[in-house]
There are 2 protein chains.
Amino acid sequence: MLSVFIIGNGRMAQHLAKALAETDVQIEGVYARDVVKGKLFAEQIMAPFYSKIEEVPPHCDVYFLAVSDQAIPTLSALLNVQGLVVHCAGMVSINAIHKQVHRGVFWPIQSFSKHTSVSFKEIPICIEANSEENVRILEAIADRISKSVHILEEKQRQKLHVAAVVVNNFSNHLFVLAENFLQENELSFNLMKPLIKETAAKIEYLSPRLAQTGPANRNDLNTLLLHQDLLSEHSNLLEVYTCLSESIIKNKSV
Amino acid sequence: MLSVFIIGNGRMAQHLAKALAETDVQIEGVYARDVVKGKLFAEQIMAPFYSKIEEVPPHCDVYFLAVSDQAIPTLSALLNVQGLVVHCAGMVSINAIHKQVHRGVFWPIQSFSKHTSVSFKEIPICIEANSEENVRILEAIADRISKSVHILEEKQRQKLHVAAVVVNNFSNHLFVLAENFLQENELSFNLMKPLIKETAAKIEYLSPRLAQTGPANRNDLNTLLLHQDLLSEHSNLLEVYTCLSESIIKNKSV
């Protein structure tokens, strides 16, 4: 039976542990800096909690460093273990785990929120490891929680991370800007929700290129000017509006 | 029984007619400039087709001008009818229908695609008309196809239209840019689909402000630089990346 250990108690740690808890993988324990929150999390997944990183059991198959990018080098260096140590970050090199003989990366392409459950089955997981055998171990674990497992080298993973920022962080920021603008005008953001859901649902059967509509896409300069006028007192949104409209127009002419 | 007439055979006309056809509203006919496509559409909703706008029957309760913004003034002026003439555009003034005694606006907040069916029930419909009685007629029709009907004056509707462009057209453009970037790097856009779906699903229970994550949001300048480096040969995406990252950073400091 494969055994794993979770380091961290953030959103990545929690979602990953919950997905693993539903498989035959054994979660041997949890370590977290925050003892109160860490204990609570360990209880939830019915695993022992370790408050000292030096006491983490040394013989698990895989140690998941589900911590911030910055914490990966330091924490991984403190681990006194024999198993495979992996981080869960999109942009961090496998070599940030420099002190470990067996090292790897296990990055699910998803943005996890608190208080929500995500079905891991659909989430692509990108894996990388410093040996063929370690890749197989990660693959065995990833296959248990996801239908979409990809062995990728660092550069490709980083490119996926950029794209993920573009489709997730930036889209969400557009929602924030729209919400602010509507609230300032006493209009409800709820009116946008069916449209947002349809925009995302559409990509399942239609390439975004074919789904593109709107004034910039049809070069409707009249509407663009009217919109910019309506945004004249919202300089932040106006800048984004202009930048993205120009990008749509440029993109069409390519 | 309420009777309506559809002018146009585009995506708005088709989605609207299909939704109306499922109610007790009687569709008296269809007019479209394109006779071949128009006839086909009229057949689909089992309504008579009119190829001459002068011959459109004069006594329907409501005439839907589901045509391009530019075509609204001309077409509405050619209509020789007594009923209420409405357009379905977010940005166009009710007075674009200047020659009609009874005029209004009937704008569903949705971006309609070909070959897809949308459940109208969830789609907000914004209505406006030039008399209390005409508002009631539009309300009676809108209530039959949607749970979310809103009587709104022009300025408020136009602000919703800007917001709709931001959340729909701009998000979709981000998907286009990500798809192009991934394809150029031999990576599949499919890997982004679960993330895109989750980004949209999240707004149902979480304010976008609270859902915001990513390097710009946590002021992670190191990752921003790495990303910009990866985009150095993709000037269009790089510009958008920089513009939106700056906007996220600015927005946090407000």
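In the predicted model, A:W107 has A:C126 of β7(A) as its bridge partner. Five bridges join β6(A) to strand β7, residues 125-129 of chain A. The two strands run antiparallel.

Strand β5 (residues 84-87) of chain A runs parallel to strand β6 (residues 103-108) of chain A. Three bridges join β5 and β6 of chain A. Within this pairing, A:V85 has A:R103 in β6(A) as its bridge partner. A:V86 stands opposite A:G104 in β6(A). In general, strands of a sheet pair through backbone hydrogen bonds, either parallel or antiparallel.

The burial of β6(A) was examined next. The strand is mostly covered, with six of its six residues buried. Both of its faces are covered. On one side lie A:R103, A:V105 and A:W107, and these are all buried.

Chain A is divided into two domains. Domain 1 spans 3-152, and domain 2 spans 157-253. Their C-alpha centres lie 35 Å apart. The contact between them takes nine residues of domain 1 and six residues of domain 2 of chain A. On the domain 1 side, β6 and β7 of chain A each supply at least two residues. That side divides into six nonpolar residues, two polar and one charged.

Chain A gives 73 residues to the contact, and chain B gives 73 residues. On the side of chain B that touches chain A, the elements that give two or more residues are α5 (154-184), α6 (193-202), α7 (208-211), α8 (221-230) and α9 (235-253) of chain B. Helix α5(B) gives the most, with 24 residues. By residue class, this side of chain B divides into 41 nonpolar, 21 polar and eleven charged residues.

Note on methods
Residues numbered from 1 in each chain as written. Chains lettered and ligands numbered in written order. Predicted model: local features only at pLDDT ≥ 70, side-chain atom pairs only at ≥ 80, totals over all residues. Contact = placed C-beta atoms within 7 Å. Helix = DSSP H or I, 4+ residues; strand = E, 2+ residues; numbered from the N terminus. Nonpolar A, V, L, I, M, F, W, Y, C, P; charged D, E, K, R; others polar. Pairing = 2+ DSSP bridges. Buried ≥ 20, exposed ≤ 12 C-beta atoms within 10 Å, placed from the backbone. Domains from an automatic or database assignment.
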